[in-house]
Amino acid sequence: AMNVLLRFFPRKIRFGVFAATRKNGTSSLEPELPTYVARASETLTKKKARLLYQSRKRGMLENGLLLSTFFAKFGDLLTENDLLLYDMLINEPGNDWDIYAWAVGSKPVPSRYDNRMMRMLQNHARNEKREERIRQPELRTCTVGVNSERNN
């Protein structure tokens with residue numbers, strides 16, 4: 001396996017010193033993250049389904065638990081504007097640890113994300129009712145958007 005690696009990848013990539021050149025001409029050892037683009041043509045049902053999925057599949061357990069329980073609890077109650085703010089909150093920042101730190105209050109929230117959705121998420125993170133949140137809710141209990149456009 002190592003011989004295959006040595007034959008097909010240049011030395012800089014093999015040893016982790018490859019620097020990505022960004023569009024603006026700067027270079028970094030970290031890859032450039034895609035820019036967030038709001039999906040204007042998305043139906044409300046599709047947006048809720050996508051946000052439900054993205055709330056569950058975060059890549060870090062802490063945010064997966066926090067965001068999936070939040071969206072299962074409040075997803076049906078959110079307005080279109082709330083959904084846009086939530087979409088921006090979970091998809092714009094390049095670091096999930098920042099989202100978690102803002103939600104639990106260990107880092108100040110940037111003004112761009114200091115809105116109703118962040119306050120709801122922070123309140124949910126405080127878990128004042130001490131709800132058990134040791135696993136993500138079952139998908140069958142997450143009815144977000146299912147009834148609103150089922151016949152479409």
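Let's start with arginine 130, which is exposed, with a relative accessible area of 65%. Exposed here means over 50% relative accessible area, buried means under 20%, and partly exposed is in between, using a 1.4 Å probe and protein chains only. Arginine 130 is found in the segment after H7, and it has a positive phi of about 55 degrees although it is not a glycine.

A word on where this comes from. This is a predicted model, in which local features need pLDDT of at least 70 and side-chain atom pairs count only at pLDDT 80 or more, while totals for chains, interfaces and linings use all residues. Residues are numbered from 1 along each chain as its sequence is written, and side-chain values use heavy atoms, with hydrogens and water left out.

Now, asparagine 127. Is this residue buried or exposed? Asparagine 127 is buried, with a relative accessible area of 13%. Asparagine 127 is also found in the segment after H7, and its phi is near 50 degrees, a positive value in a residue other than glycine.

Let's step back to the whole chain. The protein chain has seven helices and two strands; helices (H or I, at least four residues) and strands (E, at least two) are DSSP runs, numbered from the N terminus. From the N terminus on, the order is α-α-β-β-α-α-α-α-α. Of the 152 residues in the chain, 36% are buried. The chain exposes about 10,500 Å², with 53% of that supplied by carbon and sulfur atoms; these areas come from the Shrake-Rupley method with a 1.4 Å probe, and for residues only the protein chains shown count as cover. Among contacts with a separation of 6 or more, 59% are between residues 24 or more positions apart, where contact means heavy atoms within 4.5 Å.

On to helix packing. Two packed helices are described by the angle between their axes and the distance between the axes. Axes are lines fitted to C-alpha atoms, for helices over the stretch in contact, and angles run from 0 to 180 degrees between N-to-C directions.

What angle do H6 and H7 make? H6 and helix H7 (residues 116–126) pack at about 75 degrees, with their axes 7 Å apart. H6 and H7 are therefore roughly perpendicular to each other; angles under 35 degrees count as roughly parallel, over 145 as roughly antiparallel, 65 to 115 as roughly perpendicular, and the rest as oblique. On the H6 side we have Trp102, Ala103 and Val104, meeting Met118, Leu121, Gln122 and Ala125 in H7. By class, that contact divides into six nonpolar, one polar and no charged residues. Here Ala, Val, Leu, Ile, Met, Phe, Trp, Tyr, Cys and Pro count as nonpolar, Asp, Glu, Lys and Arg as charged, and the others, Gly among them, as polar.

H6 has another partner to show you. Glu62, Asn63 and Leu66 in H4 meet Asp96, Trp97, Ile99, Tyr100 and Ala103 in H6. That contact has five nonpolar, one polar and two charged residues.

Last pair: the axes of helix H3 (residues 44–56) and helix H5 (residues 80–91) come within 11 Å and cross at roughly 35 degrees. The residues of this contact divide into five nonpolar, three polar and five charged.
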